[in-house]
Amino acid sequence: MSSANAPDLTRDDGRTRREAVVRLVFFVCAVLSVLTTIGIVLTLLSDSVAFFAEVSPVQFLTGTSWSPANDPVNFGVLPLVTGTLVITIGAAAVALPIGLLTAIYLSEYASDRARSVLKPALEVLAGVPTVIYGYFALVYVTPALATIFPTIDTFNALSASLIVGIMIIPMVSSISEDAMSAVPDSLRNASYGLGATKFTVSTSVVVPASVSGIASSFILALSRAIGETMAVTIAAGNTPRLVDLTDPAGVFLNSIQTMTAAMVQLGASDVTGQSIAYKSLFAVGLTLFVITFAMNLVSEWIASRYREEYR
Amino acid sequence: MTQQNVTTSESDDDSSTASPEPGSGIASNGTAEAETTTTRSVIESRNLDVYYGEERALQEIDIEIPAEKVTAIIGPSGCGKSTFLRCINRMNDLVDSARVEGELLFEGKNVYDADVDPVALRRRIGMVFQAPNPFPKSIYDNVAYGLRVQDDTENLDERVETALRRAALWDEVNDRLDESALDLSGGQQQRLCIARAIAPDPDVLLMDEPASALDPVATSQIEDLIEELAQDYTVVIVTHNMQQAARISDKTAVFLTGGELVEFDDTSVVFENPEHQRVEDYITGKFG
């Protein structure tokens with residue numbers, strides 16, 4: 001049947017090869033981040049194993065004193081964990097309500113014009129380097145707080161957690177707003193059609209239908225607060241202490257040290273690569289990683305669970 | 001507050017010349033219900049214009065919609081029929097660019113007066129939308145939603161049941177009221193939306209192509225239901241399905257491109273003896 005007019009369907013080997021090369025380039029890019037993550041986890045693990053060969057994990061996880069470089073050396077991580085917890089609680093108290101209300105405003109109430117001003121402003125807030133937030137807290141927020149709380153420390157958990165809270169508002173509001181904007185208008189119309197006010201539409205339809213996105217935004221923002229380093233190192237100081245949660249004034253008005261700040265301090269100090277103090281840096285890093293990783297898993301789980309329920 | 005109107009031949013002033021005796025026409029062809037009694041009009045528009053930005057979607061609509069009848073609004077896509085429907089309960093307020101001029105009277109009160117709260121208006125006028133849009137909540141919570149929103153939760157169980165029975169859905173769902181409404185079929189979901197709309201017992205039920213997303217069996221269930229509901233409610237239904245309008249409505253309004261109300265009369269008159277050539281062309285499928 002083949003004639004002179006038959007189309008030429010022969011494979012072009014050059015093109016096939018080019019496709020294979022392109023495919024490889026894309027694959028390498030995609031794999032790069034995975035390999036980096038694996039490398040980081042392996043490094044954290046191997047140095048932590050070296051650390052735990054000398055300090056028992058039980059002692060590390062339950063010890064209530066942290067003094068890695070000075071005699072008597074103590075490697076109890078609890079003061080650092082509670083320091084991080086204090087910052088996270090304070091930041092959550094600021095960022096979750098304000099971020100959520102901002103998202104509702106942007107998604108349900110704001111005119112196109114208000115939205116076109118506010119959204120870029122929030123993005124700018126998210127883009128400010130964290131070191132600037134840290135100095136802002138130290139130089140402006142703490143003195144302002146001192147007029148209300150005269151006993152406040154120069155370095156204190158309150159200004160640090162407030163500033164971290166402000167820092168993560170854009171994260172809460174933008175992810176939550178994306179989730180709310182994805183709620184179909186048909187549901188809003190149904191609610192308005194039944195005589196609901198804007199507030200009722202927001203609280204009884206939009207927020208419940210986007211709860212998985214909102215929960216994810218909360219958890220991601222808290223992960224960010226837990227991992228935040230520069231601002232808390234600058235504003236909250238470096239006083240590792242086991243906080244007494246029954247005394248909120250004592251907790252917030254004084255200096256604390258977070259896990260991240262302790263790592264900065266260790267890394268910047270003159271401890272050597274072979275010392276136990278240096279290795280403790282990786283053990284703290286591993287602890288931090290486990291916490292944020294677990295939170296991301298929870299966030300994923302919530303998102304998938306509610307996606308099923310609401311389809 | 002209400003006005004008594006003779007609406008059997010009220011469509012337009014000029015209609016009197018074309019069909020002086022619409023009542024006799026109905027009686028002779030026998031397809032429509034006897035509809036020669038004096039009927040009150042619930043909704044009345046006067047010189048109603050709607051603009052979306054610069055674009056005029058409705059032009060000087062004058063119409064009187066009778067109580068406890070089914071009024072169908074038909075017309076080609078983009079003729080403004082949904083826009084008109086959404087004017088009645090001020091859903092167009094939710095569109096930033098929409099602007100309404102003229103009057104739309106509900107029980108004699110212009111709903112565009114400055115002192116009218118659209119929330120209060122929508123509590124008197126229920127709406128069913130084109131695609132079923134149940135909330136991602138239980139069947140019970142969907143039906144109870146309007147009553148709860150209106151803070152009217154006395155005898156809630158009873159009223160949810162009544163609404164589901166009237167929507168012909170009770171027998172299918174009474175053993176699983178706490179299950180998600182999203183697990184129902186499309187036709188069941190739309191009947192649920194009707195139950196949700198009638199649960200607060202509104203005066204008027206607006207339906208925007210309520211069967212367009214459904215299969216033929218579900219469509220015929222919805223149509224039966226609409227005829228039932230018209231015994232107690234004033235129903236205004238937008239449809240692009242002319243057979244549907246002919247089957248279920250007492251009155252038919254024909255909107256044509258450009259947002260004009262071209263003809264409004266008893267359904268049998270509109271379908272069998274339309275006054276305007278353009279309407280006849282549309283109904284017989286020459287365009288649209």
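User: What should helix 9 of chain A span, at 1.5 Å a residue?
Analyst: This is a predicted model. Helix 9 of chain A covers residues 211-227, and its 17 residues should span 24 Å at 1.5 Å a residue. The end C-alpha atoms are 24 Å apart, which agrees.

User: How many of its residues are buried?
Analyst: Twelve of the 17 residues of helix 9 of chain A are buried, so the helix is largely enclosed by the rest of the structure.

User: Which ones are buried in helix 9 of chain A?
Analyst: Among them are A:Ile214, A:Ile219, A:Leu222 and A:Ile226. The buried set also includes the serines A:Ser212, A:Ser216, A:Ser217 and A:Ser223, along with A:Gly213.

User: Switching to the interface. How many residues of chain A are in contact with chain B?
Analyst: On the chain A side there are 20, in contact with 23 residues of chain B. The two chains bury about 1,700 Å² between them, with 62% of that on carbon and sulfur atoms.

User: Which elements give two or more residues to the chain A side?
Analyst: Those are helix 7 (185-193), helix 8 (198-209) and helix 13 (276-310) of chain A. Helix 7 gives the most, with seven residues.

User: And how do the residues on that side divide?
Analyst: The side of chain A that touches chain B has nine nonpolar, eight polar and three charged residues.

User: Back to helix 7 of chain A. Is it mostly covered or mostly uncovered?
Analyst: Mostly covered: seven of its nine residues are buried. The buried residues of helix 7 run A:Leu187, A:Arg188, A:Asn189, A:Ala190, A:Ser191, A:Tyr192 and A:Gly193. Just after this helix, A:Gly195 takes a positive phi of about 85°.

User: What about phi in chain B, which residues other than glycine have a positive value?
Analyst: B:Ala168 is one of them, with phi near 55°. B:Asp201 also has a positive phi, near 55°. For context, most residues other than glycine have a negative phi.

User: Where do B:Ala168 and B:Asp201 lie?
Analyst: B:Ala168 is in the loop between helix 6 (156-166) and helix 7 (170-173) of chain B. B:Asp201 is in the loop between helix 8 (186-198) and strand 8 (204-208) of chain B.

User: Why does B:Ala168 count as partly exposed?
Analyst: Because its relative accessibility is 46%, and partly exposed lies between under 20% for buried and over 50% for exposed.

Terms used. Residues numbered from 1 in each chain as written. Chains lettered and ligands numbered in written order. Predicted model: local features only at pLDDT ≥ 70, side-chain atom pairs only at ≥ 80, totals over all residues. Heavy atoms only, no water. Contact = heavy atoms within 4.5 Å. Buried area = accessible area lost by both parts, 1.4 Å probe. Helix = DSSP H or I, 4+ residues; strand = E, 2+ residues; numbered from the N terminus. Nonpolar A, V, L, I, M, F, W, Y, C, P; charged D, E, K, R; others polar. Expected span 1.5 Å × (residues − 1). Buried < 20%, exposed > 50% of the residue type's maximum accessible area, 1.4 Å probe, protein only.
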